[in-house]
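Please open the model in your viewer and keep the sequence panel beside it. The stops below are given in the order in which to select them.

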Amino acid sequence: MSAIFKTFLKWFSIGLLGVALGASLAYLTRPEPPAVGVEGAKVGDPRPPLAHAQLIGDKATEWASLDDWGNRAVLINFWATWCAPCRREMPLLQATYEAHQDRLMVLGVAMDEPGPVAEFAESLGITYPLWVGQIDVSQ
């Protein structure tokens with residue numbers, strides 16, 4: 001074996017050992033997840049206050065709130081125009097909205113610019129409310 005190969009093999013082995021030790025340490029020191037049903041919202045809990053700019057035409061200037069939909073359950077779908085699975089699921093969400101809008105509100109939260117969102121929604125025939133923004137919709 002050449003000296004260069006031996007040096008490479010030595011540093012590769014050290015690096016691999018470091019990664020293995022780091023992964024083991026991360027696994028062994030991770031916090032325990034909460035027990036199922038211990039944390040989070042429960043049926044009957046009030047909704048948290050939530051409002052954002054809603055898409056009207058190709059502009060997102062009018063503010064809407066979850067409170068605007070009364071006591072209906074709200075299904076919130078985060079999506080983006082570049083998301084291939086979103087293109088497949090949105091017609092299903094539209095059909096669900098049409099069939100159950102008396103008791104279920106579907107809300108799409110688009111992480112994109114208003115213009116492309118409006119074109120995307122129109123091309124798929126989406127009529128349920130859409131909120132639009134960038135990083136602010138995820139906070």
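This is a predicted model: local features need pLDDT of at least 70, side-chain atom pairs count only at pLDDT 80 or more; totals for chains, interfaces and linings use all residues.

Select Gln101, which sits in the loop between H2 and S4; helices (H or I, at least four residues) and strands (E, at least two) are DSSP runs, numbered from the N terminus. At 35% relative accessibility, Gln101 counts as partly exposed, where buried means under 20% relative accessible area, exposed over 50% and partly exposed in between, with a 1.4 Å probe and protein chains only. Residues are numbered from 1 along each chain as its sequence is written, and side-chain values use heavy atoms, with hydrogens and water left out.

Next select Asp102 and Arg103, whose side chains meet in a salt bridge at 3.9 Å, N to O; the term stands for a side-chain nitrogen of Lys or Arg within 4 Å of a carboxyl oxygen of Asp or Glu. Both Asp102 and Arg103 are exposed, and the structure holds 1 salt bridge.

Now zoom out to the whole chain. The protein has 3 helices and 5 strands, and from the N terminus on these elements run α-β-β-β-α-β-α-β. The C-alpha atoms fill a box of roughly 75 × 40 × 25 Å along the principal axes. The radius of gyration is 24 Å, whereas a compact globule of 139 residues would have a value near 14 Å, taken over C-alpha atoms with a globule rule of 2.2 Å times the number of residues to the power 0.38. Buried residues make up 27% of the 139 residues.

Move on to helix H3, residues 114-124, and color Val117, Ala118, Phe120 and Ala121, which are buried. Seen down the axis of H3, its buried residues fall within an arc of 165 degrees, so they line one face of the helix; the arc is that of the directions from the helix axis to the C-beta atoms. On the other side of H3, select Glu119, Glu122 and Ser123, which are exposed. To see what covers the buried residues of H3, display the elements that include strand S1 (51-56), strand S3 (73-79), helix H2 (84-100), strand S4 (104-111) and strand S5 (130-133). Just after H3, Gly125 takes a positive phi of about 70 degrees.

Which residues touch the most other members of the largest nonpolar core? Of its 25 residues, they are Trp79, Val117, Tyr128, Leu130 and Trp131, a nonpolar core being a set of buried Ala, Val, Leu, Ile, Met, Phe, Trp, Tyr and Cys residues joined through side-chain atoms within 4.5 Å. H2, S4, H3 and S5 each supply at least two residues of this core, and S4 gives the most, with 6 residues.

The last stop is Gln54 in strand S1, which is buried, with a relative accessible area of 15%. With residues up to four places away in sequence again left out, the contacts of Gln54 include Lys59, Glu62, Trp69, Pro129, Leu130 and Trp131.

Terms used: Contact means heavy atoms within 4.5 Å.
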